[in-house]
Structure formats: C-alpha cells, structure tokens
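Welcome, and thanks for taking a look at this structure with us. Please have the sequence and the 3D view open as you read.

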Amino acid sequence: MALYFCLLSLVAVGGLPSVMPEMQRYVVDVKGWVTAEEFMQMFAVGQAAPGPNFLIASLIGWKIAGLPGAFVAFGAMTIPAAVLAWYAVGLWDRFKESPWRKAIQRAIAPVVVGMILASGYILATPGDPDWRLWLIAAMSACGMLFTKWNPLWFLVAGGTIGGFLLRA
Amino acid sequence: MEVTPPRSLTELFLGFFSIGARSFGGVMPWAHRVMVEERRWMTPADFTETIGLCQFLPGPNIGNASVVLGKRWFGLAGSVVAFLGLFGAPFVWVLALAILYADIATSPFVRSIVIGVGAAGAGLFIGTAIKLARALVDKPAALAIIAACFLAIGIGRLSLFVVLPALLVAALLLARKDLL
C-alpha cells in the first residue's frame, strides 16, 4: 500500500482530484480494502475536516492497519511529492524561457481537467447511478461556478439535503 | 506593500499551523489570508506565482507551497518545519472525526448526511473542472483530450498509470503543433 501511494503521490498533478479515480479503483475494486460507500464516506470526512483533502489517504491507512497505517499512508502520499517539489523549484526557475516548459504547461492542462471531471463523476456514483446524489453534486457544482461563497456552505447544504433525501 | 519574511522557525511553524488548523472548506483561502494579509510574509503577486508553480507539481499544492517557501526562507529545516506545521492539526482532526464517525455511523440518518456531504464534495470537483475548462473551450484538441480522459478513467475505469502516459504524450505532441 505504501509503495502504491508513493506512486500516486508522484502523479497527483493538480492535487487529489486527479488521482481519486485511480485510488478508488485500487483500494475498492482491485484490493477490496474498503467498499465504494465507505470510500465515499471517507472522502466526505476528509472534505469536511480542515486541511488538505489528501488526508483521505490516512483514513484508508487507518482502516487497513490502524494508527501506524494512518501515518504510513499519509507519509507515502505526501512525502515523495514534497521531495520532488524541493528539487523542482530550482529546475523550474532555470528553464523559465524554454519552449518545452510552455508546451508541457499547455499539455498538462486538459489532462488535469479530464482527471478532475472523472473524479467528480466517480465520487457521485459510488454504487448504481442515483439521481439524488447527482442532484446534490450538480447543485454544489453550480454553486461553486456562480457564487463566491466558501465551499464549506455547499458541503453543509449537501449534508442537510442528504439527511432528508437519502434516509429511505 | 511592506513585506517581512518570517524571522524564526517558530514563527514559520506557527504561521503554517494556523493555516492548517483553521482551513475548513479549503486551505487556499486561509493560506492567502495568513501569509499575505495577516503576517505579510509575501506580496499577493508572489503568492499567486508560487501557488501556480505548486499547482503544476504533483501532490497537495499547499503542501508543496510549504516546502517551497520553507526552503526559500530557511533551507531544509524551513521546509520540514513548515510542512509539519501545516499538516499537524488537520491530521489529528481528521482521525478524531473518523473515530467519532465510526461510533455513530450505525445511525442511517448520520450515514445519509455524510453521503450527502460526499456528493456535494464531488460536485465541487466537477465545478473546479468546469472552471478550469473555460480557458480551453476554443481549442477542440483540448476538449478531445478532456473527453478521452473522462471516458477512459471515469466510465471505462482504466488504470491511471495506463491512461496518463498515453494522454500526456498525445497532448504534448498537440501542444508542440500549437493545437493546445
């Protein structure tokens, strides 16, 4: 698990949303460590708590191997990227005017957008497609696009609506 | 604007700790508030440029920012201190929440609330993707890459480690031909 999270850490361009589908595929579909619904709940806890949502890794680690698992998973998910960042700053500044740097920047943009979109879809569809989850997701997506409110309010609203709509 | 970088590792730690501990609903607004407005460690332009670079690097962008800024001000010790300061509080928070949640998760009402929060969080991802895509709408090649990526990963459930290299090579070729 640690190795796998290290790998994920290094490809998480654009942050957690980019690697969420892969993480879910691996821990839910391939390894069966957690169910799709549990995964979504962990994601929700990670979103609602303060701090970077990368902390979902520590929740998965916790579920598999307790407290040590939480530390290992979190470290594996963040440290490789941090080390890379440490070295990359220097390189990045050196190649400021290189045409390759500009091409890479342009090439990465649409790939990152596609990965984030796929994450949103997968998280909103933990089991069979459910219109109620899609409705909540659509509302918070629109809220984010058309208002400047703190995203926390959309999570609160999602929780409230969920409490009423999903109880059945 | 008058800026004063942190003078000691303690100040650096406390600054990043206060970002992490308060960052409900997203770290970035708090990072801006603490580093630019409250402590005046850096100018807004400097902040935007640093975050831009960190966005481009893999990993949590604000975690990368803590490493990059810590390095700039205090070298390796600064990176480690800023990183630990940032993640210390949220790490404890999230585990505490998870323990609390395990105790009450048997209630169907609580479960439905949490699933609702998860769906809203998924919506935030979709919103973010659309926001970023607005800059790309006039480039058909970019839209094709987005669609291919979404279909392969979202619907096809293919492994990222297969899809990512293939798409990056394709995108890089398109970018060199000025189609992106």
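Here is a short tour by topic.

This is a predicted model. Chain A is built from 7 helices and 0 strands, and chain B is assigned two domains, domain 1 (9-104) and domain 2 (108-176). The two chains touch through a contact that takes 84 residues from chain A and 77 residues from chain B.

**Chain A as a whole**

- Reading from the N terminus, the elements of chain A follow the order α-α-α-α-α-α-α.
- Along the principal axes, the C-alpha atoms of chain A fill a box of roughly 60 × 40 × 25 Å.
- Chain A has 168 residues, and 52% of them are buried.
- Among the contacts in chain A with a separation of 6 or more, 53% are between residues 24 or more positions apart.

**Helices α1 and α4 in chain A**

- Helix α1 of chain A covers residues 2-11 and helix α4 of chain A covers residues 56-94; their axes come within 8 Å and cross at roughly 40°.
- Because of that angle, α1(A) is oblique to α4(A).
- The crossing in which α1(A) passes α4(A) is right-handed.
- On the α1(A) side, the contact is made by A2(A), F5(A), C6(A), L8(A), S9(A) and L10(A).
- On the α4(A) side, the contributors include A57(A), V72(A), A73(A), A76(A) and M77(A), and also T78(A), P80(A), A81(A) and L84(A).
- Sorted by class, the contact of α1(A) with α4(A) has 13 nonpolar, 2 polar and no charged residues.

**Helices α1 and α4 in chain B**

- In chain B, the axes of α1(B) and α4(B) come within 7 Å and cross at roughly 40°.
- The helices α1(B) and α4(B) are therefore oblique to each other.
- Their crossing, that of α1(B) and α4(B), is right-handed.
- The contact of α1(B) with α4(B) is made up of 16 nonpolar, 6 polar and no charged residues.

**Domains of chain B**

- Domain 1 of chain B spans 9-104 and domain 2 spans 108-176, according to the domain assignment.
- The C-alpha centres of domain 1 of chain B and domain 2 of chain B are 25 Å apart.

**Where the chains meet**

- The contact between the chains draws 77 residues from chain B and 84 residues from chain A.
- On the side of chain B that touches chain A, the elements that give two or more residues are α1 (9-22), α3 (44-56), α4 (61-104), α5 (108-133), α6 (140-155) and α7 of chain B.
- Which element gives the most to the side of chain B that touches chain A? That is α5(B), with 24 residues.
- By class, this side of chain B that touches chain A has 53 nonpolar, 19 polar and 5 charged residues.

**A closer look at L167(B)**

- You can find L167(B) in helix α7 of chain B, which covers residues 160-176.
- Leaving aside residues up to four places away in sequence, L167(B) touches V111(A), I145(B), A148(B) and C149(B).
- One of these partners, V111(A), belongs to chain A.
- The C-alpha atoms of L167(B) and I146(B) are separated by 9.5 Å, with the two residues 21 residues apart along the chain.

Conventions: Residues are numbered from 1 along each chain as its sequence is written. Chains are lettered from A and ligands numbered from 1 in the order in which they are written. This is a predicted model: local features need pLDDT of at least 70, side-chain atom pairs count only at pLDDT 80 or more; totals for chains, interfaces and linings use all residues. Helices (H or I, at least four residues) and strands (E, at least two) are DSSP runs, numbered from the N terminus. Two residues are in contact if their C-beta atoms, placed from the backbone, lie within 7 Å. Axes are lines fitted to C-alpha atoms, for helices over the stretch in contact, and angles run from 0 to 180 degrees between N-to-C directions. Angles under 35 degrees count as roughly parallel, over 145 as roughly antiparallel, 65 to 115 as roughly perpendicular and the rest as oblique. A crossing is left-handed if the near helix is turned anticlockwise from the far one by less than a right angle, and right-handed if clockwise. Ala, Val, Leu, Ile, Met, Phe, Trp, Tyr, Cys and Pro count as nonpolar, Asp, Glu, Lys and Arg as charged, and the others, Gly among them, as polar. Domain bounds come from an automatic or database domain assignment. A residue is buried if 20 or more other C-beta atoms lie within 10 Å of its own, exposed if 12 or fewer, and partly exposed in between; C-beta atoms are placed from the backbone.
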